[in-house]
Amino acid sequence: MPEAQDTQYLAVMTTTDSEERARHLAATAVGARLAACAQVDGPVTSVYRWQDEVRSDTEWRVLYKTIADRYRELELRIKSEHTYETPEIIATPVTAGSDEYLAWLRAETRVSRG
């Protein structure tokens, strides 16, 4: 099994109201090395309760791949750039993956010490 015990890997998800915003959220996080990659998909239909009302909206989903050490900064970045009052930010642990992919993920989220 790959080194999932040594480094905790995460898949972090958020949604937003336009493809342009989703691409921006993805690009800025990857550019800052807060995620190794981010996938944008949609449109998706979200049905949810907000302020005592059931609503339905079209959204785009962003799925980031990162390490646990970068999560707090990623969460802060999403919140600072998001247009929602309470954006969805959910992190799911990745318990296994290919050695090559996880090594790449670690390398791409490494904090520069220069």
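Leaving aside its neighbours within four places in sequence, which residues is Tyr64 in contact with? I will start there. This is a predicted model, so please keep that in mind throughout.

Tyr64 is in contact with Leu10, Ala11, Val12, Thr14, Leu25, Ala26, Ala29, Ala35, Cys37, Ala38, Leu74 and Ile78, once its neighbours within four places in sequence are set aside. Please find Tyr64 in the structure and look around it.

Now the cores. In soluble globular proteins, nonpolar side chains tend to be buried together. Here, the largest nonpolar core has 15 residues. Val12, Tyr64, Leu74 and Ile78 are the ones with the most contacts inside this core. Which elements give two or more residues to it? They are β1, α1, β3 and α2. The largest share comes from α1, with four residues. There is also a second, separate core of five residues, and among them are Ala36, Ile67, Leu102 and Leu105.

Next, helix α2, which runs over residues 71-81. Its buried residues include Leu74 and Ile78, and Tyr71 and Glu75 are buried too. Why do these four sit on the same side of α2? Because they cover an arc of only 100 degrees around the axis. On the other side of α2 you will find Arg72, Leu76 and Ser80, which are exposed. As for what lies over the buried residues of α2, the cover includes β1 (9-16), α1 (19-31), β3 (53-67) and β4 (90-94).

Let me move to one residue of strand β1, namely Thr14. Is Thr14 buried or exposed? Thr14 counts as buried, because its relative accessibility is 0%. The side chain of Thr14 reaches the backbone oxygen of Glu88 at 2.6 Å. Not counting residues up to four places away in sequence, Thr14 touches Glu88 as well as Leu25, Trp60, Arg61, Val62, Tyr64, Ile78, His82, Pro87 and Ile89.

How far is the C-alpha atom of Glu53 from that of Ile89? The separation is 21 Å, and the two residues are 36 apart along the chain.

To recap: Tyr64, Leu74 and Ile78 are among the residues with the most contacts inside the largest core, and Leu74 and Ile78 are buried residues of α2. That is all from me.

How values were computed: Residues are numbered from 1 along each chain as its sequence is written. This is a predicted model: local features need pLDDT of at least 70, side-chain atom pairs count only at pLDDT 80 or more; totals for chains, interfaces and linings use all residues. Side-chain values use heavy atoms; hydrogens and water are left out. Buried means under 20% relative accessible area, exposed over 50%, partly exposed in between (1.4 Å probe, protein chains only). The arc is that of the directions from the helix axis to the C-beta atoms. Contact means heavy atoms within 4.5 Å. A polar contact is a pair of N or O atoms within 3.5 Å; within protein, one must be able to donate a hydrogen and the other to accept it, and residues adjacent in sequence count only if both atoms are side-chain atoms. A nonpolar core is a set of buried Ala, Val, Leu, Ile, Met, Phe, Trp, Tyr and Cys residues joined through side-chain atoms within 4.5 Å.
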